[in-house]
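Dear colleague,

Please find below the structure that I am handing over to you. My notes on it follow, and I would be grateful if you could read them beside the coordinates.

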Amino acid sequence: MPEHRPDTPSKYRCLESFLWHDFEAGRSDWEVWLRRKLPDVSPVRAASTFSRAMQLHATLRSLQAVNSGIKIGEEPSVGHEMMNQLISVYGIQPRLSEDGQISLATDKRADPVAGLILMVLDALQSGFWRRFKLCNEPTCRASYYDASKAATKTWCSMQTCGSRNKMKRYRAKA
């Protein structure tokens, strides 16, 4: 499955990539991802943000499970509570501009985790967050952006997980 879907809004491509990536190799994988997606982040900052980034990754995956109607581990409120803690840690607050527009900002803007949190909050505010989902196939659970009109997709890909599930149902009937 590709890292990006063609219909994902460009301002959420970095977030989509973060959610899609597994970071199985640990801190070195995080540093490689940062160099590829956010090349302006210093190597020192990359190393120091790894644990918070993985905390955010786990939190967002649990919130994606809610979007997908999947029960994984903890209660859904745990993801919301952790997100609120991260918002507090990064001091994210509303700011009023001279033209009367409200935006969210942080003094830790250079921190890549703070930037990702701001993207998530923007996606939540604009209604796009509900389209970030996890594949319903228990052996897959890949993250994907649901660009369908009604936002009702259940699998990351019809060619793989969707096709397998339809074949399983067909064989069970036969």
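**Findings**

The largest pocket holds about 160 Å³ of space. The elements that contribute two or more residues to its lining are α4 (50–68), α5 (76–89) and α6 (112–126). Of these, α5 gives the most, with 4 residues. The lining consists of L63, V66, N67, H80, M83, N84, I87, L121, L124 and W129. By class, 7 of the lining residues are nonpolar, 3 are polar and none is charged; here Ala, Val, Leu, Ile, Met, Phe, Trp, Tyr, Cys and Pro count as nonpolar, Asp, Glu, Lys and Arg as charged, and the others, Gly among them, as polar.

A pocket is defined on a 1 Å grid over the protein atoms alone, as an open set of points where a 1.4 Å probe fits, with protein on both sides within 12 Å along at least five of seven lines; lining residues have an atom within 4 Å of a point. Grid points are joined across faces, edges and corners, and the volume is the space filled by probe spheres set on the points.

Please note that this is a predicted model, in which local features need pLDDT of at least 70 and side-chain atom pairs count only at pLDDT 80 or more, while totals for chains, interfaces and linings use all residues. Residues are numbered from 1 along each chain as its sequence is written, and side-chain values use heavy atoms, with hydrogens and water left out.

Helices (H or I, at least four residues) and strands (E, at least two) are DSSP runs, numbered from the N terminus. Helix α1 (13–20) is mostly covered, with 6 of its 8 residues buried, where buried means under 20% relative accessible area, exposed over 50%, and partly exposed in between (1.4 Å probe, protein chains only). The buried residues of α1 are C14, L15, E16, S17, F18 and L19. Their cover includes α2, α4, α6, β3 (132–134) and β4 (143–145).

The loop between α1 and α2 contains H21 and F23. H21 counts as buried because its relative accessibility is 14%. Not counting residues up to four places away in sequence, H21 touches D29, W33 and H57, contact meaning heavy atoms within 4.5 Å. F23 has a positive phi of about 55° although it is not a glycine, and F23 is buried, with a relative accessible area of 5%.

A151, in the loop between β4 and α7 (158–173), likewise has a positive phi of about 55° without being a glycine. A151 counts as buried at 9% relative accessibility.

E31 belongs to helix α2 (residues 27–37). Leaving aside neighbours within four places in sequence, E31 is in contact with A46 and A47. The C-alpha atoms of E31 and A47 are separated by 6.9 Å, the two residues being 16 apart along the chain.

Strands β1 (residues 93–96) and β2 (residues 102–105) run antiparallel and are joined by 4 bridges; two strands pair if DSSP finds at least two bridges between them. L96 has I102 as its bridge partner in β2. The two strands form a hairpin with 5 residues between them, and G100 in the turn has a positive phi of about 85°.

A search of the whole structure finds 0 disulfides, a disulfide being a pair of cysteine sulfur atoms within 2.5 Å. For C140, the nearest cysteine sulfur is that of C161, 3.7 Å away. The sulfur of C156 is 3.7 Å from its closest cysteine sulfur, in C140, and is therefore too far for a bond. C140 is partly exposed at 30% relative accessibility, whereas C156 is buried at 2%.

With kind regards
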